Amino acid sequence: MILSEKHQMMRKLYRQFAQTEFTDELLDRLEETGEFDWDIHKLMAKYGFMGVKIPVEYGGQGGDSLAYALMIEEFARVSPVLSIYANTSNSLGAGPLLFCGTEEQKRKYVEPVAKGEKILVFALTEPGAGTDAGGTLTTAVADGDYFVLNGRKTFISGAPMADYAVVYAKTDPTQRGSRGISMFIVDMKLPGVSCGKPEAKMGIKGYPTSDLILENVRVHKSDLLGPLHKGFATAMKTLDGGRLGMAAQAVGIAQGCLDEAIKYAKERKQFGKPIASFQGISFMIADMATEIEAARQLVYSTAVRKDAGDPEASKLCAMSKLFAGEMCNRVAYKAVQIHGGYGYIKEYKVERFYRDARITTIYEGTSQVQQMVISGNLLK
Amino acid sequence: MSTFVNTDPSAFHGVWVFCEQRGGELMPTDFELLSEGRKLADDLGVELCGVLLGDNVEGLVPQLGGYGADRVYVCQDPALKDYTTDAYTKVICDIVMDKKPEIFLIGATNIGRDLGPRCAARLHTGLTADCTSLVVDTAKYKEFLKSTSTLDVDGMKWDMEDKGLKMTRPAFCGHLMATIICPRFRPQMSTVRPGVMKCAEFDQAKADACKTELYPVSLCDSDLRTKVLEVVKEAKDTVDLIGAEVIVAVGYGISKDPQVGLDLAQKMADALGGVVGASRAAVDAGWVGADQQVGQTGKTVRPSLYIALGISGAIQHKAGMEDSECIIAVNSNSSAPIFEVADYGICGDLFQVVPEMIDVLTNK
């Protein structure tokens, strides 16, 4: 796909930002401490990255899905974890609010999030409800002007630093599965809200992930998001955007791996010549580049078609995430292989990419969920 | 010795129980086995005898009588003060060959499990380990099968000896129940799992009526190849979930007052002789040490009794405890998943429920 001049300029900006600001020192610190870095978060907010896809009237940049995908890709190419910093507010955080929030809710919550003043996270997963979100056990019981929430969410990215969370809870226990679920905007400072210990993860270290615990949390009815009992169906419509972002992240990680593999294959000599001159290695690189390009074009065209209101968008977003996530893992595997023993050492960047890549086929819907969405679309 | 013929069942009479003592104290299994042995002896119309080995242990006899023994054979010798395989096996085999009991029961304690097989091999007879049910009447055995199994009892062929001992024991980690008989050799021996048989009420009249029969011990140095150097009693302060028979586990439900919640769990564990475990949420909150965590990323436990206090029962926790023999859950949320695996569930505030449970346990 040929990018417009505007999008080319944007890509250049994202690339420059990532290359100059995502320093090795910063990335090593994120890896070692696992802690959120507020400085880089503030800097991203200053450039408007937190609201790339959020409309201008709510404090965002008013960009389209393609701009958002380009940003995530370019950021992930240098640092997969930092690409998440700019992702949440643009996808699952503000997504449901923009989709079905009231004017008042958008003003109150989306604006500070778009400007990077507040952090909003998405809390759906529970210990017993991952792929099967219908297994949600968190409850919300109406009590006068309030709903009383009780339950436990798990693997909530960003929970420890969040100001608000979009929480899914069962409001109608008589309905089975994913029906009877409602969305709430929960202020993390409310009494009864607490976080578990940040999880020690394989990769994407530096964006803390933890449990979110709700004990008799009283949420005002004005913070009910979207229709009562129908929150889940609404949520599913907003997940497409997030999936596209994660597909773009996978493309970025894969591109970062390829960059490293090419550089190393040209430098490293065995049998008296660079290993890049061996066909075994050069063909691997050819395959990697081809797969990345295929995934990239799928992501870009899906972004454009989604914004154009294509009825196929849901299926295409799932295809993008499925293909890009799996592709990214194949590429990362080969990049480590090309590095040989050095690829297994933390000093070489591919080792971190390899660990970061692994989550891309799991979160925001596993590859298997994407297959369910795609086949469900095709086999109606 | 060589004259001992053990293939003539008609020459053997009486039900015997090995009465284990440690440091001059009788074991609870003695009373359980005597209570059970009493029923067998009554069904057979024979005497129930205890066999007591030790040093100056005569005084313990009335206690054994109170639980059903008609007679107790006492073998006293300084060499029998502490258990050793050699000395006990020699003395017991001597008296068994002499008196010829038809049934000989031993508690499946560490000592009993060591002693039983040794005696059985020397006597060349059959031994069933870790029994949970013992019956002599075939009619009673059929009743037992009807109430505990899915077998078509009436449609089966019955050709087993009436009045022979039917010894039932769990095999393959409790996944299979096997009833074993020992038709051709005597005595019929079994070790019985502690805590399985119900203890009868102590009966003072029977205690007074119990006969003491001192039996001479013949031991020479060549019989004793093991020597006890020292008996050490371990202080049981360290928490070890693995191998604990009773675990009282706390979850995030104690968050209202973690200290009080932990104290309650500890009190309950003490009352039941168990240890305190925890869910990951309670460990992450810093209330309990990580070595006490039960679950996928903690320890996998299989106690006889697992009590879950304020644990929601996420699959990650259940994976570590669902094989417990009995699970009791206390949780204020009636739809908590823990109730799916619990044998007994109490829906209520643990801060109110647990003190009452402790009351019942400590004033039983």
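Tutor: Happy to. A strand here is a DSSP run of at least two residues, numbered from the N terminus. Keep in mind that this is a predicted model.

Student: Okay, which strand does Ser190(B) lie in?
Tutor: Ser190(B) belongs to strand E11 of chain B, which covers residues 188-192.

Student: And is Ser190(B) buried or exposed?
Tutor: Ser190(B) is buried, because its relative accessible area is 0%, and the cut-off for buried is under 20%.

Student: What is Ser190(B) in contact with, leaving aside its neighbours within four places in sequence?
Tutor: Its partners include Phe104(B), Leu127(B), Cys131(B) and Met167(B).

Student: Where is the kink in H5(A)?
Tutor: The kink lies at Ala94(A), shortly before the proline Pro96(A), and is about 60°.

Student: How many residues of H5(A) are buried?
Tutor: 19 of the 21 are, so H5(A) is largely enclosed by the rest of the structure.

Student: Now the interface. What area is buried between chain B and chain A?
Tutor: About 740 Å², with carbon and sulfur atoms giving 46% of that. Tyr252(B), Arg280(B) and Asp284(B) supply 54% of the area that chain B buries against chain A, more than any other three residues.

Student: How many salt bridges are found across the interface?
Tutor: The rule finds 2 between chain B and chain A. Asp284(B) and Lys197(A) meet through their side chains in a salt bridge, at 3.5 Å from N to O.

Technical notes
Residues numbered from 1 in each chain as written. Chains lettered and ligands numbered in written order. Predicted model: local features only at pLDDT ≥ 70, side-chain atom pairs only at ≥ 80, totals over all residues. Heavy atoms only, no water. Helix = DSSP H or I, 4+ residues; strand = E, 2+ residues; numbered from the N terminus. Buried < 20%, exposed > 50% of the residue type's maximum accessible area, 1.4 Å probe, protein only. Contact = heavy atoms within 4.5 Å. Bend = angle between axes of the 7 residues up to and from the residue. Buried area = accessible area lost by both parts, 1.4 Å probe. Salt bridge = Lys/Arg side-chain N within 4 Å of Asp/Glu carboxyl O.
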